[in-house]
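Look at the model below with the sequence beside it.

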Amino acid sequence: MIAVVTSGKGGAGKSTVSAGLACALAREGQRVLVIDADAGLRSLDLMLGIEERAVYDLSDIFARRCEPIRAITPSSVADGVFVIPAPGTLEEMCSPEEMQYLCRGLASHYDTVLIDCPAGIGRGFRVATAPADRAIIVATPDMVCARDAQIVSGHLDAAGISCKMVINRLRPRPVMKGKMPDIDEVMDAAQVPLLGVIPEDEAVSIANANGKPLPLSSFTSRCFSNIAARFMGRSVRLANLAKMK
Ligand SMILES: Nc1ncnc2c1ncn2[C@@H]1O[C@H](COP(=O)(O)OP(=O)(O)OP(=O)(O)O)[C@@H](O)[C@H]1O
Ligand SMILES: [Mg+2]
């Protein structure tokens, strides 16, 4: 299974969801390869704790400076998660076809390959989405982001890639006071079926910045586990918004 994690708007939480979902799938016993396809703005090397150990990146594979296996580093955040970091510069990386060829070859060695897509719908988007069997669109709960999610899902549908949405950074209090759109309103605007919800949680940014796992007992960690279970085809009820801190 090859899935791309994307969003229209930048900063919605694609890399956070890629890392969190990879760790949650690994807790289910999966072997997961995460490919950071965001050339020039990489973040998964830091979030998944490989920053100091990785020698090669995705561009080295395409430039034939190394075999693919040498660009894969095991994450220190979770056993069973492996990472190919993005190139540090915005060099012309590869064509969609080359990306497809690489990912299809690697997919037979992993249960899931997750591709962290750059923001927007330009060339980087076409490269990152080319190998995908399905897509996860990350949106923050605001109407601009929801509308961008709809636009992205239109592009993916046209390419025959089915989409599900993760709503990230939900803040229950303003939602319950009617000051922010609720899950139904975001879904109506985006027109994409829901895979799950992640709350706004300071622990997420702390974990991201330090390449550390989220506390396993935390509500947010459970939300990632629920998303992983639904990703694997199990039916899990949505967590109770009122219980989110
Ligand atoms: N649920 C959350 N709670 C708190 N902070 C979050 C949450 N999700 C993401 N963040 C923070 O928001 C910032 C942007 O997240 P992230 O890098 O995952 O977004 P992105 O969509 O990958 O961005 P880009 O478009 O630049 O690739 C990061 O600093 C991250 O730690
Ligand atoms: Mg990112």
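Arg169 sits in strand E7, which covers residues 162-170. In this predicted model, Arg169 has a positive phi of about 65 degrees although it is not a glycine. Most residues other than glycine have a negative phi. Is Arg169 buried or exposed? Arg169 has 20 other C-beta atoms within 10 Å, and a residue counts as buried at 20 or more, so Arg169 is buried.

Arg64 also has a positive phi, near 60 degrees, and is a residue other than glycine. Arg64 is found in the loop between H3 and E3. Here the count is 7 other C-beta atoms within 10 Å; the limit for an exposed residue is 12 or fewer, so Arg64 is exposed.

The loop between helix H3 (58-62) and strand E3 (73-74) also holds Ile69. Ile69 has 10 other C-beta atoms within 10 Å and is therefore exposed. Along the chain, Ile69 and Ile84 are 15 residues apart, while in space their C-alpha atoms are 9.2 Å apart.

Asp79 belongs to the loop between E3 and strand E4 (81-84). Asp79 counts as exposed because it has 11 C-beta neighbours inside 10 Å. Asp79 and Val32 are separated by 47 residues in sequence, and the distance from C-alpha to C-alpha is 9.5 Å.

Now turn to two helices. The axes of helix H6 (residues 143-158) and helix H8 (residues 183-190) come within 7 Å of each other and cross at roughly 40 degrees. An angle under 35 degrees would count as roughly parallel, and 65 to 115 as roughly perpendicular; H6 and H8 are therefore oblique to each other. The crossing of H6 past H8 is right-handed. On the H6 side the contact is made by Met143, Ala146, Arg147, Ala149 and Gln150, and on the H8 side by Val186, Ala189 and Ala190. By type, the residues of this contact are six nonpolar, one polar and one charged.

The last topic is the core. In soluble globular proteins, nonpolar side chains tend to be buried together. In this model the largest nonpolar core has 77 residues. Which residues have the most contacts inside it? They are Ile115 and Ala139. Helix H1 (residues 14-27) gives the most to this core, with eight residues. Leaving aside neighbours within four places in sequence, Ala139 is in contact with several residues, including Ala146, Ala149, Val186 and Ala190. Other contacts of Ala139 include Ser7, Ala12 and Ile167.

Notes
Residues are numbered from 1 along each chain as its sequence is written. Chains are lettered from A and ligands numbered from 1 in the order in which they are written. This is a predicted model: local features need pLDDT of at least 70, side-chain atom pairs count only at pLDDT 80 or more; totals for chains, interfaces and linings use all residues. Axes are lines fitted to C-alpha atoms, for helices over the stretch in contact, and angles run from 0 to 180 degrees between N-to-C directions. Helices (H or I, at least four residues) and strands (E, at least two) are DSSP runs, numbered from the N terminus. Angles under 35 degrees count as roughly parallel, over 145 as roughly antiparallel, 65 to 115 as roughly perpendicular and the rest as oblique. A crossing is left-handed if the near helix is turned anticlockwise from the far one by less than a right angle, and right-handed if clockwise. Two residues are in contact if their C-beta atoms, placed from the backbone, lie within 7 Å. Ala, Val, Leu, Ile, Met, Phe, Trp, Tyr, Cys and Pro count as nonpolar, Asp, Glu, Lys and Arg as charged, and the others, Gly among them, as polar. A nonpolar core is a set of buried Ala, Val, Leu, Ile, Met, Phe, Trp, Tyr and Cys residues joined through C-beta atoms within 7 Å.
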